[in-house]
Amino acid sequence: MSCSLFEFCRLQELKTVRDFLFQNQSKESVEEKTQTAENELSWDTSDWDSGWDNEENKEEDSASSTKAEEEPSGQNQPWLQDCVVSLSPCADLLVVAREQKAAFLSAKWRTGDSGREEMTLAVTWSGHLSTEEGESVSSVIAIPLASQKRSSTGRPDWTCIVVGFTSGYVRFYTESGVLLLAQLLHVDPVLRLKCRTYEIPRHPGVTEQHEELSILYPVALVTIDGFSLFQSLRACRNQVARAAAAGSDVVPPPPLAYKKWGLQEMDTIVDHSSVGVMTLCVFDQMKNASILGGFNASVKGSPPAMSQFVTVGTGPYAGFYYAVEGNSQPLLSHVALAVASKLTSALFNAASGWLGWNKSKNEEEAAQKQKPKVEPATPLGIRFGLPDSRRHGESICLSPCNTLAGVTDDFGRVTLLDLARGIAIRMWKGYRDAQLGWLQVQEERGDREFSPSASLPRRHALFLIIYAPRRGILEVWAMQRGPRVGAFTVGKHCRLLYAGYHLMGVNSVTSQGWQLHTQQVCLLDPTTGALRTINIPFHLALSDKKNERARDMHLLKRLSAVLKSRDMVPDSLEREAKSVLLEIKHPAIKKQALESLLSNRNAPVSCLTNVTSALHDALKQQDADEVEASLLQLCSSQLKLLQLYSDIQQLQSAADTEACSANDSLEGIEEELSRVGPTLQRYAQLSSKPSVSFAQDSPDTPLSAQTFLTQLECAEDGEVKVNRRSDAEWNQLGNFMFWGCLCGKSPTHKVCDTLQLAGISPQQLLSLLMNVWLQREKEVLQKPVETVRNLHTLLIALSNLDGAVEESWDPQSVSPWWQQVRFTCIQSHNAAAALLAALVAHRAAKASITSRADSKLQSEWEAVSLELEQWVVCVRQLEDVLVLQALLLVPSPLGTAGGAVVQCSIKTLQEGGRGGIADSVSKWVFRQNMAPERLKKMLQRKETQGTGDQKEKKEDGEETEKCQEEADRTAELLLAVCQRFPDSLSPDLLFSHCCWEYVVQWNKDPEEGRYLFFAVEHLKLITSPHIQLGISTMMWSTFIVKRFSAAAFLMEKVGKAPKDRLCRRDVGIGDKAMTSFLGCCVQLLQILMEVTGLLVKNQSSLSFIPFYVSK
């Protein structure tokens, strides 16, 4: 990865800005053209031209004249070089000024042709800035001011434009051109304005630099403290806003406090840099004292803090000034003088009006024209310099770390200064009229991970940006003695914009958690209006041995770019990936490149296999000491897994499949299938409901090699472990391995042998097989006989693998292998698939136990074991669960309003306790909207029921016959469930649970009065008085007593039947629902009274819990 120019913004109305700034010049150019034409008419110079010019010059002149006629005047001229330009560090405001005019361009967002949001700079204000006669703009900077709100994240609140004039004035404006503050600091023209803002020190012990605005004059330097300037500008802006809102005049603000230094012992000063506060070490302090004071000089105990200033110009070429902190106080005398003069003038005007004195107009105009008093500068002598009598310095650019500075001169040289030592350490030649900038790049997090000092703070790299307009080239140089790392061909009329500061008003407290959105260096092209920034990777600053790693990182990013491209041909991808992996030197980066290749979904399996094999062979050919063991292990393990993936794929597409041989152990399985067949068919019909699913979630979606590699992990001992990450990926892996065998499309024994040779444990294979079987229940029930035979073959093959069933297993104990199958069936909610798997596993376990018993006993005794008894119990429980689940799957006439279907398994039923089954059936009764009397008839129905109703059925229509048949089948299911769970589904317990379920649903929706009515009707059907008393008592105290009390109070208050509004306000139900509610309450109280009287008459206990538990 190399340097790049990135266009992030484009200027609009650039031609309008140029025409506005050069309006007078365009008129003068027209007059000059007219005058030249008249001279050409009066003078004939054809003979002179033919004598001195050749053919080439004639062609150039004709081409230039044609071009000048086609385009407006001044369009191709380097007009931007004649302007003063400043860009805010946040790149949201650009100031272009010339002479007395200026234009402000602010950031705006618009939708481009491609539909993406683009940032542009458009003119928001243009006008004249000068207020004094004959003055013009000499320097401009745009300073963004930080927001003082706690919710700020680093964006500026507003931007202040500071303008220096040739008259010596410095004026401060808002983005809309409103003057905030103006002050005359010196009578000479302002040469340069520069700003320094706060930066967090990167290392402990570094002096914290304060904010400052520095103004350079030909023989003086003025510095203004950033904190006081920030507060003054905020106050001025608020005062201007208040005055504009109130429609009053703006009160002139007090002058700024500043320090002024008179720079001595230098002939000419052109530019400067305020380095900041520095403290010398003890040795430098003693050296300076000896040089300045001689042998008997005294040295202070602690080195004083000094402000360092560096200037460029002539005599000497570069000068170093040091101002000791605390020696010069801010110049506040003229502040007091200004306040006193204002007070005196106010008193004098009041007295003159009272006494009748009036000043003449000439005296007032003279007073207005009189400039304020300017304080003299504090002399500051030069400490030392770089003498070069013939070299004239033109500009100086300070680095962000305040340790280096770049200086340009009239010889076309760029000199690099070490400010701490005061020497020139490097020089470039051939850069006439060069423009400089600095770019500081932070180390990337990805690069830091490979560094041995990863725990230390991230490093920073410094680059010098040089723009040579004569050659139209932009260069990037690594500091301090690094090579040129980038070069770009740009236009010859561009401007390199480098601010060198960030937001003003930031300190160590407010900057916590901020992300400053600033651009360090920008290149402005006036021909296209493009504003571009430079992106430099950190690794370009590395050298020597680290350059090797930088090259490897470049190769890694190149490989990433190749993998992201979708148009890459597989052969080209394989060739490119192989060359990159073999060229990378560092093992860590090579490992990262291999992992990125293996995780790419666009790479085919053959490409992954060939590239990994080539890398593995290359590592094998190297010396053992030079090869990293982890990388070699990664290559061998991934190669093994890729080979396994290819083998399974080939077996799935194999034409020859194994025929299921008739096995004696399958005897009786068809009889069991025929016995549970009707229930399985009924369950399949009820569970085969249409559903919506995504294509990527389909179980038939082919498993990619990348997903296969992420789920399997190869250990050092050769064993392959399966990592269970998510249920979807686990199902995909199981389908990939075993679904072909279950469908009869893949050879079972070959697949098992391949998986065993790979080193996957039989327990994990068994878990994958059972998961596939249970998840694909619908497909299994479509062809139950065929899939059961294939499952039996596959289960026998897996149990015969090494490590499946222990050789020392005693048939009289429980086998962990078969216990895993049984535990999976017990937990499954897919009752049909679990029952079929249990039947197959029961037969397989019986065959295994019989074979072991025959080999040991050699007799005709039948083998009896604990394992088989547990399988018998498990099969019986699964049959019960299947019948119960089939009943619960009967669709509700209410649709989805009836609630979701309850999924049950052996585990959930055992964890549900005594009332779990009755609770599930009661919820089903509620979903069916079944009347209590109908439920009672179903429970009382006998198998030997007569056929007296057949005549009526013939008279009804076909729809009635279908409904009656469906009702009969549902009744048969309910009776079958009750027969299988006689204790849990006794009539009293079922009626009590139904009663409670209906009253709970009524409490959720009190407007449905029939729910409470059905609850009371179910309560009446309970034959046990104790249970009837307990349920009615709990209904009354839990759900009814509060509403009943509210209704009684309301009726007593109203004295008649309350209206609907009052019923809803006090009771929470409407008037119609309240009528039904009170009727149910009467029946409930009647039941309570009768049951209580009966129990008291029989002298029985009123507690119902022992009777409920015994049931």
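Searching the whole structure turns up one cavity of 30 Å³ or more. A cavity here is a set of points, on a 1 Å grid over the protein atoms alone, where a 1.4 Å probe fits but cannot get out. This is a predicted model: local features need pLDDT of at least 70, side-chain atom pairs count only at pLDDT 80 or more, and totals for chains, interfaces and linings use all residues. Residues are numbered from 1 along each chain as its sequence is written, and side-chain values use heavy atoms, with hydrogens and water left out.

The largest cavity holds about 40 Å³ of space, the volume being the space filled by probe spheres set on the points. Its lining, residues with an atom within 4 Å of a point, includes Leu87, Pro89, Tyr498 and Cys522.

Now β15, residues 305-314. Strands are DSSP runs of E, at least two residues, numbered from the N terminus. Nine of the ten residues in β15 are buried, meaning under 20% relative accessible area with a 1.4 Å probe, protein chains only. Strand β14 (residues 268-279) joins β15 through ten bridges, antiparallel. Pairing takes at least two DSSP bridges. Aspartate 271 has valine 312 as its bridge partner in β15. β15 and β16 make a hairpin with three residues between them. Glycine 315, in the turn, has a positive phi of about 55°.

Last, the open sheet. The order is β19-β20-β21-β22, with antiparallel pairing. β19 (393-398) and β22 (423-429) are the edges, each with a single partner strand, so one side of each lacks a neighbour in the sheet.

Technical notes:
Helices (H or I, at least four residues) and strands (E, at least two) are DSSP runs, numbered from the N terminus. On a 1 Å grid over the protein atoms alone, a cavity is a set of points where a 1.4 Å probe fits but cannot get out, and a pocket is an open set with protein on both sides within 12 Å along at least five of seven lines; lining residues have an atom within 4 Å of a point. Buried means under 20% relative accessible area, exposed over 50%, partly exposed in between (1.4 Å probe, protein chains only).
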